[in-house]
Amino acid sequence: MAVTTTVLKLTQVHGVVKVRGTGSATIALATDLKKSSETQSSPRVNIRTLHWALSVGSTATVTRNSQVLYYLSGSGKMEFMGWSDNEENGSDIVVDFSSGTGAVVLELAKVSGYGSQQHQNQGDLG
């Protein structure tokens, strides 16, 4: 099974992306998290929550700018209440299922670089 990436939710300040399968996938900040009505310039995106479910004996990593941020196995959830992981937040996110198969869902905070309407606290402005 090849790896697939699906954007489950995308607003001007928030994104949820599911990566599943076998292999490696890149979540590109400049394209995958940009709404068609947005512009982008040097986007920065923090990780707010991770959910994962991997097959028995499988492992996965979440990497940014060649820095492994998370090593995953089994199944679980990391939810950052009141804060988010901003390490290497200007770099794309790579999810690699190096041994086996599984699924990882990332909840992301788009903190800057996505146009002048961002963070107006009016929900999804289109």
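## Aromatic rings

Rings of Phe, Tyr and Trp, taking the six-membered ring of Trp, count as a pair if their centres lie within 6.5 Å. With that in mind, welcome to this predicted model. Tyr 70, Phe 80 and Trp 83 come together here as one aromatic cluster.

The count of aromatic pairs comes to 2. One of them joins Phe 80 and Trp 83, whose ring centres are 4.4 Å apart. Their planes make an angle of 40°, and the pair is tilted. Phe 80 has a relative accessible area of 10%, so this residue is buried.

## Salt bridges

Let us turn to charged side chains. Side chains of opposite charge can pair when their charged atoms come close. This structure holds 3 salt bridges.

One of them joins Glu 38 and Lys 110, with 2.9 Å between the closest N and O atoms. Glu 38 sits in the loop between β2 (14-27) and β3 (44-54), while Lys 110 belongs to strand β7 (residues 93-112), so the bridge ties together parts that are 72 residues apart in sequence.

Glu 107 and Arg 48 form another salt bridge, at 3.2 Å from N to O. This pair also links distant parts of the chain, with Glu 107 in strand β7 and Arg 48 in strand β3, 59 residues apart. Arg 48 has a relative accessibility of 32% and counts as partly exposed. Lys 77 and Glu 79 make a salt bridge as well, their closest N and O atoms lying 2.9 Å apart. Here Lys 77 is partly exposed at 48% relative accessibility, and Glu 79 is partly exposed at 41%.

In soluble globular proteins, nonpolar side chains tend to be buried together. The largest nonpolar core in this model has 24 residues, and Ile 47, Val 62 and Leu 106 touch the most other members. Which elements give two or more residues to this core? They are β2, β3, β4, β5 (67-73) and β7. Strand β7 gives the most, with 6 residues.

Val 62 shows how many neighbours such a residue can gather. Beyond four places in sequence, Val 62 is in contact with residues including Ile 47, Leu 50, Leu 69, Tyr 70, Leu 72, Ile 93 and Leu 106.

Ile 27 lies in strand β2 and is buried, with a relative accessibility of 0%. Leaving out residues up to four places away in sequence, Ile 27 touches Thr 5, Val 17, Val 19, Asp 32, Leu 33, Asp 92, Ile 93 and Leu 106. Ile 27 and Val 7 are 20 residues apart in sequence, and their C-alpha atoms are 9.5 Å apart in space.

Thr 61 lies in strand β4, which runs over residues 59-64. Thr 61 is buried as well, at 14% relative accessible area. Not counting residues up to four places away in sequence, Thr 61 touches Val 68, Tyr 70, Tyr 71, Val 94, Val 95 and Asp 96.

Note on methods: Residues are numbered from 1 along each chain as its sequence is written. This is a predicted model: local features need pLDDT of at least 70, side-chain atom pairs count only at pLDDT 80 or more; totals for chains, interfaces and linings use all residues. Side-chain values use heavy atoms; hydrogens and water are left out. Helices (H or I, at least four residues) and strands (E, at least two) are DSSP runs, numbered from the N terminus. Buried means under 20% relative accessible area, exposed over 50%, partly exposed in between (1.4 Å probe, protein chains only). Contact means heavy atoms within 4.5 Å. A salt bridge is a side-chain nitrogen of Lys or Arg within 4 Å of a carboxyl oxygen of Asp or Glu. Rings of Phe, Tyr and Trp (its six-membered ring) pair if their centres lie within 6.5 Å; planes under 30 degrees apart count as stacked, over 60 as edge-to-face and the rest as tilted. A nonpolar core is a set of buried Ala, Val, Leu, Ile, Met, Phe, Trp, Tyr and Cys residues joined through side-chain atoms within 4.5 Å.
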